[in-house]
Every structure is written in structure tokens, then in C-alpha cells.
Amino acid sequence: MNKHFTFRYITYLIIISVCLFAAAVLSRIEITLISLPFLSAVVVSLFFDKTPCIDISHSITGQRLFEGDNLNVSIKVQALANAPLVEILDPLPRGAQLKRGNNDIVTSLKKGEEKVFSYSFSVPRRARFTLGGMIIRIHNSSGLIYREMKHKDIKDFAVYPKAPSFKEDIRPFHTQVNVGNYVSRAMGEGIEFGDIRPYAPGDSIKKINWKASARTGLLHVNEYARERNSDIVLMVDSFRDFGTAGDSYLDLAARTAAALSFQFLTGKNRVGLIEFGGRFVWLLPGMGTRQWYRILENLTDMEVKERYATQDITAVPPKILPPQALIIAITPFLDSRFKEAVIDLFNRGFDTVTLSLSPSELIRRIVADNPKNRAALDILEMERENKLMSLRKIGLPILRWDPQEPLDLLARSIRALQQRRAS
Amino acid sequence: MIRLVIIGLPLVLGAYTVTLSPGAWTIILALLSAALCTAGAASRRYSFLVAGAGTAIANFATAMPSPDTPPIIWGALGTGIGVYLLLEVGYDWITAFRRPVGSRVYASRLKYLLLSVVSCIGLTFFAVTISYNFLLRLTGSIPFWAAVIGVPAVVGSVGILIMFWQKKTLP
């Protein structure tokens, strides 16, 4: 705890000196008397100055929250000696919005008194933050002397991308061997009726279709379609980012990837993630809530990192890309490396769907609206259209992804695309 | 309310000074002091208040009656207390508390202000009743150079010594 003298203390010393000097020069006692309140203030402040002692603890309601959710922070202060004026500043994370209470506390505590202050804030953008580096300033009652200290009770927390919910079901083209929610083309154990075939030794009597057997004179049994799950790998292009903070391409991509992964995981599918860009990270496909949080952790850290080393999708281990997995690539197609990676996966026979965002719409929001910028954005859009056309020519399924539209429309488009391929 | 105190106090001090010595310069300095304090209150800058307080003190010092007349002890003390309160209240409002604080929080500050004002009034009583004549004679008797250099040097060095003595890292 460091002791400091305020600017006012120095001001008072100057006033006292000048007044006494003037009094001596002019031989006037009145001028001395003007300085008397200031002299008295300085003497009283030094006389009554005592070392304060306070105990502070800091707690937060959770270590994980989603964009826009409120985080409650409570600060407990206990005075072990009189603290006439206590200022506590708990700095908010960058971009955080205060929702309730105040993170800048001013209070007065008597010896042994305990007070609890709480406030809540929300963070509109995915990120990792640290809280608990509080700055405490304890003034003595004069206000001429104060003590300052930094109290570190560090607490880390993560703000995950918010996953917008949607109802439309996306059905992958291929199913895997594990039990899931999708009706497989293969027959086996299930509840969905599939076909009727003649009875074979070993078939269960429960499966006999009595009506068909009576009509044909031979025993027939019902067959059921298997219910299986699928493997889905979400691949996000993080070579470039653009747009405003909170609504940038990577933020929107993280939210969409989070929503898609949640939808697939609730359908008992295995979901993996590849972040292909400055950060080249991948996540083994998995199921359940734990996998959902693993994906969110990765999406939270997603950012553009300049790297000079050449990266290739072939570096991804085969386990990450299971055979017949549905690969959903999210990209603005600004970097040719991602385009090459998608073509490579498509050529390897993976069921690939590309969601492509137009960068010009997001860039238009942050640049000045003048003919030069408009022309530049039009050229950018034309170049992108050219790229998309060349990709469509080789048969790569590409969908236009508009972040303003609800995800149900996107899911419906993916489903329609899969149905067209199936037919 | 506090803005009114910050703007009103220099006006009251200026009006008192003008009654002591009515003149163009006194009025100009009084208005300048009030203007500086208003600027400090409007822009929330403490330095403007310090400048306004300094102008009020200078105005009072120049407007004092001639040395032949009896000294205006209580007027000087009142001016000193007024300027002191102006700087204290202004500091609290501008620097220390950027948002409203409860009366209980401010109670310790009020106690301190009261203690300072009462102690200086008491000290003046002491000076007036016991040692005023002695002090006056003494002030007149010391050499000019000692007064010019010695007094501010002693006050400044004592203040700085106390500051360094007190400023140490505590556990």
C-alpha cells in the first residue's frame, strides 16, 4: 500500500508560503490570517492520519457465458480499521457493458464493518477475459493524503459465441455405424418401416406381416430402416476478418458454426471442427455436451494470425476427417488457400457444402459511401462471383450465406441441396 | 447545488472585497475570480478553481485598507475560510467523487472541514487575544531579506520534509 499526497496538499503549501511571504514583505498580519485555514487543514490532516486496513474478496457467478449474457460480480469489503473514504475500481473487460450496479465504488467503513457490492455486465463479443485486478484507494478524512494498492484476485472467464437456434433439420447424405436420429438407407433394427420380404429361418415372429402373408399364401416379414448418426466436420476460414467488432465475419462465422454444431450434436451426431487460417487447429469429431464446449472453446479463440509458413489441408490427420463425413465449410473465399483446401476435400469424395459470405456487405458498413469505395466493392464482388462460378463449374455445392437471414433458411437450403444430390 | 457553492463563494468574496475598496480593478479581479471558478465548475478542472482562488486572495490583498488603519482580522480570516472551502468542495466535486455519494460517506469529510475551520478560528482567537501585538512588532522588526527568503523557505522545506517522511511504503 503506497502513501500519496494529493495535488491539493502541494497547492495548500504554495498558498501558505505565498501568503506568509506577502505578509512579511508588506508587514500585514491579515495576509497571514488568509493562510491560516490552509495551515490548519495541513496540520489536522497529518495529525489524524492513520494507516487503514481493509480485507477484500471478489467473486463472479460463472466462468463461462454466452455473448450478451450477464455476469454478476460481487465485491466484499471488510474494514479492520476505520476507513473514512474508500474508492474501489474493478476495471471492466474491453467492450463490456455495465448492466446493473457500478464497478466504481465509493464507500465509508467503520472498524469491523463489512459491505458487499455487486454489479453485472455483459460482453457483446466472444473473447477471453480476466477480472479481479482491482485498484483500491483509501483516503483519510482530509482528502490530502491517500493510500493506493492493487488487489489481485484474478478470475478468468470466457464469453462463448451465442448460437442462434433454428428448427430446420439438416440431413447428411451418408450415415455412419452408430445409433442416431437419421433413417438410414440400410435395413436393420429400427422403428421406421422400410420393406416387406419373404420369411427366412431365424426371423422373429413379431416381425411377420400377417396381412401380406395371408394375401400371398407365404410368410412375409416387415423390414425396418436403421437409425444411424452422421459425422459432420465444420471448417471455418480464418485467413481474413472484416466488419465491425461484434459483427465481423469471424464473429458471425463463430455464431453460425456454434449453432450448426449444437443442432448436429443434439441429433446424436459426431461433430468435428477445423479452423483453417492463421491458426490451423482441428478437433476430433465427438458427441455430447463435452464436445459442444470443446467446439465453443475453439470458436472463442478463433482469430486471424499472420503466418508465413505454408499450410495445407493434407496436414489434417485422417481421424479428423472420417470417410463419408459431411463437411460444412464457412468462408468468404478471399484467400486462395482455403479455396484449394475445399476443392481438395471435394475431390477426395467428401460430402462438401460451402457457405459463402459476401465480404462487400460487411465492408460497406465500415467504409465511407463514395464512388471510389463503391467501385472497389463492386470489383471485389465481381471477383468473388468469378471464383464462385469457377467452383460451381467443377460441381462444388456453394450456398450464399446472408447473416441477416435466419438460420432456418440456410438449413433449408442445405437440405434442399442434399435432396437434389440424393435424387 | 455544489455548482452554486463553487460559483457563489467567489462572488460573495468578491462583493466583500469591493465593499472594502470600491474601484475598477477590484471589480475586475472579483469578476475574473468568479469567471475562473465558473469555468472550473463547467469544465470540471481543478486548476481553474485554484486560479480563481488565487485571484480572490490577490484581490483581497490589494484591496486591504492602508497600514495606518486597524487590521481587518476577521475579514481576512473569513476570506481565507471562504477560499479554503471553495477549494475543498471543488476538489471533492471535481476530482474525488465523480458521481453522487451518500451523506454517510461524506460525513467524515464534513467533520474534517469543520475541525479545520474551528481550529483556525480558535488559533486566531489565541493570536488576537494573547500575541497579536507581539507578533505585529516582531514582524516589523525582522530584517527584510530574512522575511523575503526565510519564511517561504522554512514553510516549504518543512512541508517537503513532512511529505517525504510520511511517504513510505507500508506493509
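**View 1. B:Thr62 is exposed, with a relative accessible area of 61%.** Exposed means over 50% relative accessible area, buried under 20%, and partly exposed in between, with a 1.4 Å probe and protein chains only. The model is predicted: local features need pLDDT of at least 70, side-chain atom pairs count only at pLDDT 80 or more, and totals for chains, interfaces and linings use all residues. Residues are numbered from 1 along each chain as its sequence is written, chains are lettered from A and ligands numbered from 1 in the order in which they are written, and side-chain values use heavy atoms, without hydrogens and water. B:Thr62 sits in helix α3 (residues 46-63) of chain B. Helices (H or I, at least four residues) and strands (E, at least two) are DSSP runs, numbered from the N terminus. The B:Thr62 side chain reaches the backbone oxygen of B:Asn59 at 2.9 Å. B:Ser21 is 41 residues away in sequence, yet the C-alpha atoms of B:Thr62 and B:Ser21 are 8.9 Å apart.

**View 2. Six strands of chain A form an open sheet with mixed pairing.** The order is β16-β15-β14-β17-β18-β19. β16 (281-286) and β19 (398-400) of chain A are the edges; each has a single partner strand, so one side of each lacks a neighbour in the sheet. Twist averages 20 degrees from one strand to the next. Strands count as paired if DSSP finds at least two bridges between them. β15 (residues 270-277) and β16 of chain A run antiparallel, joined by four bridges. There, A:Ile274 has A:Trp282 as its bridge partner.

**View 3. Helices α4 and α5 of chain A lie across strands of chain A.** α4(A) (residues 249-266) runs at about 175 degrees to β14(A). α5(A) (residues 288-300) runs at about 165 degrees to β16(A). The axes of α4(A) and α5(A) come within 10 Å and cross at roughly 170 degrees. That makes α4(A) roughly antiparallel to α5(A). Axes are lines fitted to C-alpha atoms, for helices over the stretch in contact; angles run from 0 to 180 degrees between N-to-C directions. Roughly antiparallel means over 145 degrees. Contact means heavy atoms within 4.5 Å. Residues that meet include A:Phe262 in α4(A) and A:Trp292 in α5(A).

**View 4. Strand β10 (residues 145-160) of chain A pairs antiparallel with β1 (residues 2-5) of chain A over four bridges.** A:Asn2 has A:Glu148 as its partner. A:Arg137 also stands opposite A:Glu148. β9 (residues 127-139) of chain A pairs antiparallel with β10(A) over twelve bridges. β3 (residues 64-66) of chain A runs parallel to β10(A), with three bridges.

Key: Polar contact = N/O pair within 3.5 Å; in protein donor to acceptor, adjacent residues only side chain to side chain. Parallel < 35°, antiparallel > 145°, perpendicular 65-115°, else oblique.
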